[in-house]
Amino acid sequence: MSRIAFIGLGHMGGPMALNLCRAGHDLVVFDLVPAAIKTLTDAGARAASTAQDAVKSAEVVISMLPASQHVEGLYMGETDLLSHIGSSSLVLECSTISPESARKVAQAAQARGIRMIDAPVSGGTGGAVAGTLTFIVGGDAEALAAAMPILEKMGKNIFHAGAAGAGQVAKICNNMLLGILMAGTSEALALGVANGLDPKVLSDIIAKSSGRNWATELYNPWPGVMENAPASKDYAGGFGVDLMLKDLGLAAESALHARATIPLGELARNLYSLHSAQGNGRLDFSSILNLFKK
Ligand code: NAD
């Protein structure tokens with residue numbers, strides 16, 4: 001079993017760390033919020049008082065932080081964690097950040113002989129709790145092979161997208177498509193209901209027709225259509241509007257960087273931005289339906 005330092009114990013990192021703890025790994029954890037640490041220490045993990053303390057003699061370092069600035073700040077900025085991590089260690093950076101940030105940190109790690117992969121996840125908080133996340137990895141095949149036994153304790157599907165940063169590119173493409181599909185599904189359902197259809201009947205029809213997609217099959221945005229979807233729980237839990245907005249912003253940055261054209265992604269970004277500005281940033285992203293509902 002590996003000695004693992006886990007940094008960032010929020011909605012995703014908390015349950016991911018818990019799964020590693022339950023699998024018998026020797027876990028040292030750190031978060032800026034003390035309450036986030038308690039669940040892990042109750043499960044047998046040890047608490048570190050700083051991130052630098054957490055990585056002392058760790059064989060593997062895992063981070064799950066909100067955004068690029070937090071990751072750069074942790075590894076290369078004020079916390080300067082790279083100078084505290086042993087040169088034979090393996091770093092799994094699981095946050096969703098810009099591919100440029102992921103490459104920058106991976107290059108700085110490599111310059112110190114530290115192996116690092118970007119391993120953003122898909123599958124939400126439910127997948128984090130159940131240990132069924134999808135990991136989308138960028139980096140060396142050899143580093144991924146070394147990470148595999150640990151990733152398998154937190155996820156079910158593990159993909160190698162390419163070199164450093166490629167995991168983030170693939171994750172951003174997936175989430176841009178998800179944002180577009182959720183807005184499109186909401187628009188179609190609102191059109192049907194405005195013309196007298198029952199949203200459940202229309203959803204059943206779409207789910208077995210050519211417009212079918214993940215939202216109509218598993219995450220319907222109309223309240224009451226799917227008992228367990230966030231829409232039926234006042235859009236609480238799930239994947240927040242502001243997190244979707246962050247990912248659509250990363251898609252826009254990546255498009256600018258590569259001179260790619262993403263008109264639908266940009267339109268979706270504007271819709272979620274408007275929705276967030278109306279005070280809905282913390283609701284689940286399927287609440288975008290309310291922009292279309294009469
Ligand atoms: P979160 O805000 O719940 O958790 C982030 C945690 O990081 C917090 O507990 C915070 O205190 C901690 N933190 C921030 N800076 C720190 C630092 N310097 N040192 C130690 N701890 C620090 O966020 P989340 O929902 O867990 O998401 C984490 C990442 O996963 C994000 O990049 C997000 O885009 C991605 N993601 C989230 C979901 C989801 O459904 N929530 C799904 C897929 C991917």
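Modeller: Go ahead, but one term first: a helix axis here is a line fitted to C-alpha atoms over the stretch in contact, and angles run from 0 to 180 degrees between N-to-C directions. Keep in mind, too, that this is a predicted model.

Colleague: Fine. How do H4 and H5 run relative to each other, roughly parallel or roughly antiparallel?

Modeller: H4 covers residues 68–75 and H5 covers residues 99–111, and their axes come within 10 Å. They cross at roughly 10°. Angles under 35 degrees count as roughly parallel, so the answer for H4 and H5 is roughly parallel.

Colleague: Which residues of H5 does H4 meet?

Modeller: From H4, the residues involved are Ser 68, Val 71, Glu 72 and Tyr 75. Sorted by class, the contact of H4 with H5 holds three nonpolar, two polar and two charged residues. On the H5 side, the partners are Ser 101, Lys 104 and Val 105.

Colleague: Now the other helix pair. What is the handedness of the crossing of H11 and H12?

Modeller: H11 spans residues 241–258 and H12 spans residues 263–280. Their axes are 9 Å apart and the packing angle is about 150°. As for the hand of the H11 and H12 crossing, it's left-handed.

Colleague: On to the aromatics. What kind of pair do Trp 214 and Tyr 219 make, stacked or tilted?

Modeller: The count of aromatic pairs comes to three. For Trp 214 and Tyr 219, the ring centres are 4.7 Å apart and the planes sit at 25°. Planes under 30 degrees apart count as stacked, so this pair is stacked.

Colleague: What about Tyr 219 and Phe 285, how many residues apart are they?

Modeller: Their ring centres are 5.6 Å apart with planes at 40°, so this pair is tilted. Tyr 219 sits in the loop between H10 and H11, whereas Phe 285 is in the segment after H12. Phe 285 is buried at 1% relative accessible area. The pair links distant parts of the chain, and the separation is 66 residues.

Colleague: Staying in H8, what is the C-alpha separation of Thr 185 and Asn 220?

Modeller: Thr 185 is found in H8, and at 4% relative accessibility it is buried. It touches Asn 213, Ala 215, Thr 216 and Pro 221. Asn 220 is 35 residues away along the chain, yet the C-alpha separation is 8.4 Å.

Colleague: And how far apart in space are Ala 58 and Arg 3, C-alpha to C-alpha?

Modeller: Ala 58 is in the loop between H3 and E4, and counts as buried at 6% relative accessibility. It touches Arg 3, Ala 5 and Ser 89. In sequence Ala 58 and Arg 3 are 55 residues apart, and in space 5.3 Å.

Colleague: Last one, on backbone angles. Is Asp 234 buried or exposed?

Modeller: Asp 234 has a positive phi of about 55° although it's not a glycine, and it is found in the loop between H10 and H11. Asp 80, in the loop between H4 and E5, also has a positive phi, about 50°. Asp 80 is partly exposed at 31%. Asp 234, with a relative accessible area of 67%, is exposed.

Methods
Residues numbered from 1 in each chain as written. Predicted model: local features only at pLDDT ≥ 70, side-chain atom pairs only at ≥ 80, totals over all residues. Heavy atoms only, no water. Helix = DSSP H or I, 4+ residues; strand = E, 2+ residues; numbered from the N terminus. Left-handed = near helix turned anticlockwise from the far one by under 90°. Parallel < 35°, antiparallel > 145°, perpendicular 65-115°, else oblique. Contact = heavy atoms within 4.5 Å. Nonpolar A, V, L, I, M, F, W, Y, C, P; charged D, E, K, R; others polar. Phe/Tyr/Trp six-rings, centres within 6.5 Å; stacked < 30°, edge-to-face > 60°. Buried < 20%, exposed > 50% of the residue type's maximum accessible area, 1.4 Å probe, protein only. Lists of a residue's contacts leave out its neighbours within four places in sequence.
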